[in-house]
Amino acid sequence: MQVRVSDVFKLAFKALRDRKLRSVLTILGIMIGSAIILALIASSSGLSVGIEAQIERIGANTLTVSSARQFFVSGGGTTFQLSQDDVNIIRSFQGVSDVIPYYSRGATISSGGSSIQGALMGVDASALFKLYKGLSLHDGTLPDPYDPTAAAVGYAIAFPQGSSSQLTGLNQMISVTLGSSTSSLAFLVKGVLSAYGSVLFSNIDDTIFISLQSAQILLKTPYFSGMYVVTHTPSDVAVVQQNIESFYGTQVRVMSPGAMLSSVESITSQLTVFLGSIGGVSLFVAAVGITNTMFVSVMERTREIGILKALGYRPKQIMGMFLSEAILSGAIGGVGGTLLGYVLSFLIGGALPFSGGSRGPAFFGGGSASFSPVFTPELILFSLLFPIGIAVLAGLYPAWRAARMNAVVALKYE
């Protein structure tokens with residue numbers, strides 16, 4: 001007896017509809033597992049791509065050096081701090097092209113009764129465009145290195161997101177309160193930087209830049225927060241990093257963009273495996289649900305199976321009818337899970353900020369950076385087909401049992 005494929009799936013859909021609650025719960029389990037796996041893989045890929053893009057901005061040949069926290073000099077009680085002497089020492093190392101010291105503090109930035117959370121950074125203004133590839137001025141000029149009241153502000157300070165008006169503009173005064181301090185500092189805005197975004201989780205757009213000399217005077221300290229070490233070529237990074245660590249030992253910590261990428265990729269891969277296993281467990285539970293649903297379906301339809309066999313249905317056709325229910329469940333769950341995972345991946349990308357306790361420049365600073373998930377055709381195809389494969393495997397044995405059922409016994413079943 002010939003049976004059309006379309007009729008098989010119509011019967012399968014009717015069978016699922018007749019058992020609405022069981023079918024919905026089974027499909028929901030497939031959706032959740034598929035969505036979690038898709039969201040995690042897409043988000044992890046997006047995070048890696050985002051970090052690589054940020055590394056390209058600051059350059060693969062740039063190291064960041066900062067004093068190691070809680071390090072006490074032998075025989076003394078003071079924390080090791082970086083000074084101009086250290087700048088000169090590191091500048092003399094082979095392979096070093098330039099050393100750019102900086103000051104950095106978390107800050108509340110206010111103007112005209114409005115305020116935002118950001119950062120104050122003291123750095124040689126002429127080095128900004130060298131440090132941050134593609135950074136440019138939206139308006140005005142960079143602050144004069146000998147003017148302690150001049151500043152350049154990030155785009156988000158001048159044009160706060162969600163605000164209908166500018167927070168500040170050229171030649172306007174801006175107030176900066178550092179950390180938990182109750183006193184504020186006033187600066188005259190000489191320049192507004194173009195929108196740039198984050199560089200390894202430090203947001204340039206909500207940072208106010210002043211000259212190195214100004215920061216040294218205002219913060220009343222000759223010791224830097226850290227320094228950027230620019231090598232001649234990316235191949236010099238490893239040697240320069242080794243030389244700095246050999247010279248200073250545990251007094252400083254040195255971070256390269258490549259090491260940062262490796263660390264984050266290691267963390268994200270472990271997180272993906274851990275959370276992906278949760279998605280796998282969800283799919284396993286869904287597979288158990290499919291098996292249970294189909295076993296119950298076989299029991300409930302024993303007499304129907306006997307009638308079909310009496311009418312001339314072959315075992316393969318009986319098996320195909322039950323497998324079509326599993327395929328349909330997997331397909332619906334796969335499509336629903338793909339759509340749910342697509343939405344979930346964007347929620348993960350926007351809701352997982354990478355922040356530190358204090359604001360600072362690249363690598364060691366705070367701030368936050370969202371990332372966009374990456375969807376490839378292979379990932380979408382996997383998200384659609386993998387649940388179907390799981391459903392087929394789960395439904396294989398119950399369908400085989402139905403196909404092997406004795407027609408006479410089935411007809412007598414009450």
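Two strands are taken to pair if DSSP finds at least two bridges between them, and helices (H or I, at least four residues) and strands (E, at least two) are DSSP runs, numbered from the N terminus. The structure described here is a predicted model, in which local features need pLDDT of at least 70 and side-chain atom pairs count only at pLDDT 80 or more, while totals for chains, interfaces and linings use all residues. Residues are numbered from 1 along each chain as its sequence is written, and side-chain values use heavy atoms, with hydrogens and water left out.

The chain contains 12 helices and 12 strands. Of its 414 residues, 47% are buried, where buried means under 20% relative accessible area, exposed over 50%, and partly exposed in between (1.4 Å probe, protein chains only). The accessible surface of the chain amounts to about 20,100 Å², and carbon and sulfur atoms contribute 62% of that surface; accessible areas come from the Shrake-Rupley method with a 1.4 Å probe, and for residues only the protein chains shown count as cover. Among the contacts (heavy atoms within 4.5 Å) in the chain with a separation of 6 or more, 77% involve residues 24 or more positions apart.

Strand β6 (residues 173–178) is joined by four bridges to strand β2 (residues 96–111), and the two run antiparallel; within this pairing, Ala107 has Leu178 of β6 as its bridge partner. Strand β6 also pairs with strand β7 (residues 184–193), again in the antiparallel sense and over five bridges, with Thr177 finding its bridge partner in Ser184 of β7. Asn171 is exposed, its relative accessible area being 55%. A positive phi, near 55°, is also found at Lys220, likewise a residue other than glycine. Lys220 belongs to the loop between α6 (212–219) and β11 (226–231), and with a relative accessibility of 73% Lys220 counts as exposed.

In helix α9 (residues 302–310), the buried residues are Thr302, Ile305, Gly306, Leu308 and Lys309. These residues lie on the same side of α9, because they cover an arc of only 160° around the axis, the arc being that of the directions from the helix axis to the C-beta atoms. Just after α9, Gly312 adopts a positive phi of about 110°.

Helix α2 (residues 20–58) includes Ser48, which counts as buried at 17% relative accessibility. When residues up to four places away in sequence are not counted, Ser48 touches Leu261 and Glu265. Ser48 and Pro373, although 325 residues apart in sequence, are 9.6 Å apart in space, C-alpha to C-alpha.

A nonpolar patch on the surface is formed by Tyr342, Val343, Leu344, Phe346 and Leu347, which together have about 460 Å² of accessible area. Patches are made of residues with over 30% relative accessible area and no salt bridge, like charges being joined within 9 Å and nonpolar side chains (Val, Leu, Ile, Met, Phe, Trp, Tyr) within 5 Å; a salt bridge is a side-chain nitrogen of Lys or Arg within 4 Å of a carboxyl oxygen of Asp or Glu.
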